[in-house]
Amino acid sequence: SASNSVVTLLDYGAGNVRSVRNAIRYLGFEIEDVRTPKDILNAERLIFPGVGAFASAMDVLTKTGMAEALCTYIKNDRPFLGICLGLQLLFESSEENGPVNGLGLIPSVVGRFNSSNGFRVPHIGWNALQVAKDSEILDDIGDHHVYFVHSYRAMPSDDNKEWVSSTCNYGDDFIASIRRGNAHAVQFHPEKSGDVGLSVLRRFLNPKSQGTKKPTQGKASKLAKRVIACLDVRTNDKGDLVVTKGDQYDVREHTKENEVRNLGKPVELAGQYYKDGADEVSFLNITGFRDFPLGDLPMLEVLRHTSENVFVPLTVGGGIRDFTDANGRHYSSLEVASEYFRSGADKISIGSDAVYAGEEYIKTKVKTGNSSLEQISRVYGNQAVVVSIDPRRVYLKSPNDVQFKTISVTKPGPSGEEYAWYQCTVNGGREGRPIGAYELAKAVEELGAGEILLNCIDCDGQGKGFDIDLIKLISDAVSIPVIASSGAGAVEHFSEVFVKTNASAALAAGIFHRKEVPIQSVKGHLLEEGIEVRI
Ligand code: 1PR
């Protein structure tokens with residue numbers, strides 16, 4: 001019957017649930033949105049992808065009467081699947097800007113991860129699970145990794161053990177999923193966990209047709225190192241949006257025509273990298289600094305189409321800043337970011353505008369709350385905001401030649417210089433600024449960045465390996481995850497960066513676009529070297 005293919009979705013409008021919608025549709029189900037508490041009580045099956053902050057979510061649920069309806073629905077043992085905050089809200093309370101009371105169905109308090117013991121917060125990335133009891137929806141998971149992104153977690157205890165169906169370890173053992181009767185909830189994101197994540201949703205949506213397996217016990221898991229495929233996107237001279245790739249940020253062919261290098265179509269390539277096992281896909285709109293991205297509708301289309309078929313996290317960057325168009329209409333950076341999120345991005349990445357914000361913050365020591373970085377992370381959470389740093393290496397004779405953090409370099413410079421600093425740039429590397437990568441990284445961490453994408457202009461497109469000195473400097477300086485970028489040319493470069501630095505992820509572009517090294521080979525090599533990755 002028709003109702004067999006309908007899912008009721010509780011989206012209280014706090015953020016982007018497009019990925020969940022896309023995954024449900026991909027699995028052949030139709031979505032009905034909850035408008036009133038009655039819609040919850042009448043649902044055949046209900047999915048609740050919690051987004052945003054705990055307190056504001058509870059506020060909306062309570063005011064609209066949905067909190068009560070949810071409790072009744074779950075107590076009546078109706079099919080329910082909570083995701084991420086949709087798991088946390090079932091607990092008694094949360095420490096997130098609180099204590100704040102939750103729905104109170106499960107004993108225990110949701111608390112923040114402790115970053116002091118060397119675990120970076122937010123917890124972003126892929127982990128395997130310890131399955132505690134038969135959960136049905138996790139039957140296909142086994143040793144596979146699933147994708148988490150959160151700073152708060154609930155812990156297993158004697159009081160809640162009837163609920164806990166799996167745990168995960170990230171410094172602490174925390175609750176990865178709960179199950180009681182027909183009520184399920186997962187802390188990870190099945191809609192962003194590739195095929196294995198889709199199988200979790202499929203088992204929830206279609207329990208009878210899936211058959212049961214004996215749950216397999218996952219292996220002990222550390223946070224897997226991520227391998228990210230990056231697509232630099234821009235419009236070429238003919239007006240087509242293409243994936244391009246530069247050498248040290250120069251994307252034009254050195255021919256008479258001087259055309260923009262064209263390495264393929266963004267949606268196709270992203271789909272290919274997803275199939276090949278990329279843990280994440282990033283799009284950088286590299287001319288965003290001069291072309292306003294909301295005028296650049298093709299980029300939004302690229303995101304919409306990609307997110308329909310790619311079920312790992314998508315990041316988009318380029319042009320996130322305040323803007324006034326030719327008609328005098330003002331757009332805030334938050335509006336630009338919101339449009340990216342609505343079109344299917346899970347994270348946005350800020351380049352130039354974060355440099356200005358960092359400079360200002362260091363000068364005034366005041367957090368105004370007005371920078372794009374602060375505004376977007378306040379509304380969408382730190383985990384949704386990446387800062388992309390584009391530094392250039394500047395060699396020095398003496399470490400005291402500049403007021404910025406210097407390092408002694410592994411390989412001396414062209415005139416035998418033994419020191420260097422890393423100067424930040426804006427506008428696609430075109431303009432150097434009076435701030436170092438080290439100073440910027442620390443400043444943006446304080447301003448609310450959830451992750452740093454660390455490029456290096458000198459290494460970009462050279463295929464000679466990552467800038468280990470730089471990546472070590474920055475990944476030791478901050479406690480948010482750092483993505484190493486620029487220079488990958490062989491599988492050994494990936495193991496080198498993970499062995500020698502504290503990078504959480506490594507990103508590459510050229511070697512994947514030119515099909516020199518497939519993503520699977522990178523992962524196979526990392527596994528051989530004893531580095532945990534998602535397979
Ligand atoms: O300043 O907020 O509009 O953001 C602009 C964004 O576009 C920034 O993230 C900036 O890094 C990026 N960008 C601007 N110009 C270029 C360019 O190449 N001309 N691309 C550019 C940056 C660097 C990496 C690249 C890695 C790996 N590309 O993303 O993919 O270096 O490459 P490789 O593996 O081939 O070495 P804003």
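Modeller: Start with glutamine 248, which is found in the loop between β16 (241–244) and α7 (266–276). Helices (H or I, at least four residues) and strands (E, at least two) are DSSP runs, numbered from the N terminus. The model is predicted: local features need pLDDT of at least 70, side-chain atom pairs count only at pLDDT 80 or more, and totals for chains, interfaces and linings use all residues. Residue numbers start from 1 along each chain as its sequence is written.

Colleague: Why is glutamine 248 called partly exposed?

Modeller: A residue is buried with 20 or more other C-beta atoms within 10 Å of its own, exposed with 12 or fewer, and partly exposed in between; C-beta atoms are placed from the backbone. Glutamine 248 has 14, so it falls in between.

Colleague: What makes the backbone of glutamine 248 worth a note?

Modeller: Glutamine 248 has a positive phi of about 50°, although it is not a glycine. Lysine 515 also has a positive phi, about 55°, and is not a glycine either. Lysine 515 lies in the loop between α15 (510–513) and α16 (519–528).

Colleague: Why does lysine 515 count as exposed?

Modeller: Lysine 515 has 9 C-beta neighbours inside 10 Å. The limit for exposed is 12 or fewer, so lysine 515 qualifies.

Colleague: Which residues does UniProt list as "binding site"?

Modeller: The unreviewed entry covers Gly319 and Asn455. UniProt positions are given in the numbering used here, feature names are shortened, and annotations may be inferred rather than shown by experiment.

Colleague: How do you know that cysteine 84 is buried?

Modeller: Cysteine 84 has 24 other C-beta atoms within 10 Å. Buried needs 20 or more, so cysteine 84 passes. It is found in strand β4 (residues 80–84). Leaving out residues up to four places away in sequence, cysteine 84 touches Pro49, Gly50, His150, Gln187 and His189. Two residues are in contact if their C-beta atoms, placed from the backbone, lie within 7 Å.

Colleague: What makes glycine 319 buried?

Modeller: Glycine 319 has 27 C-beta neighbours inside 10 Å, so it counts as buried. It is found in the loop between β18 (314–317) and β19 (323–324). Beyond four places in sequence, its contacts include Asn285, Phe292 and Val336.

Colleague: Why is asparagine 455 called buried?

Modeller: Asparagine 455 has 27 other C-beta atoms within 10 Å, so it is buried. Asparagine 455 is found in the loop between β27 (451–454) and α13 (468–477). Its contacts beyond four places in sequence include Ser388, Asp390 and Ser485.

Colleague: Which residues of helix α9 are buried?

Modeller: In α9 (residues 333–342) they are Ser333, Val336, Ala337, Tyr340 and Phe341.

Colleague: How do you know that they lie on the same side of α9?

Modeller: They cover an arc of only 140° around the axis, which puts them on the same side. The arc is that of the directions from the helix axis to the C-beta atoms. What covers these buried residues includes α8 (297–309), β21 and α10. Just after α9, glycine 344 takes a positive phi of about 125°.

Colleague: What are the bounds of domain 1 and domain 2?

Modeller: Domain 1 is 2–210 and domain 2 is 226–528. The bounds come from an automatic or database domain assignment. The C-alpha centres of the two lie 31 Å apart. Their contact takes 21 residues from domain 1 and 20 residues from domain 2. On the side of domain 1 that touches domain 2, α1 (18–26) gives the largest share, four residues.
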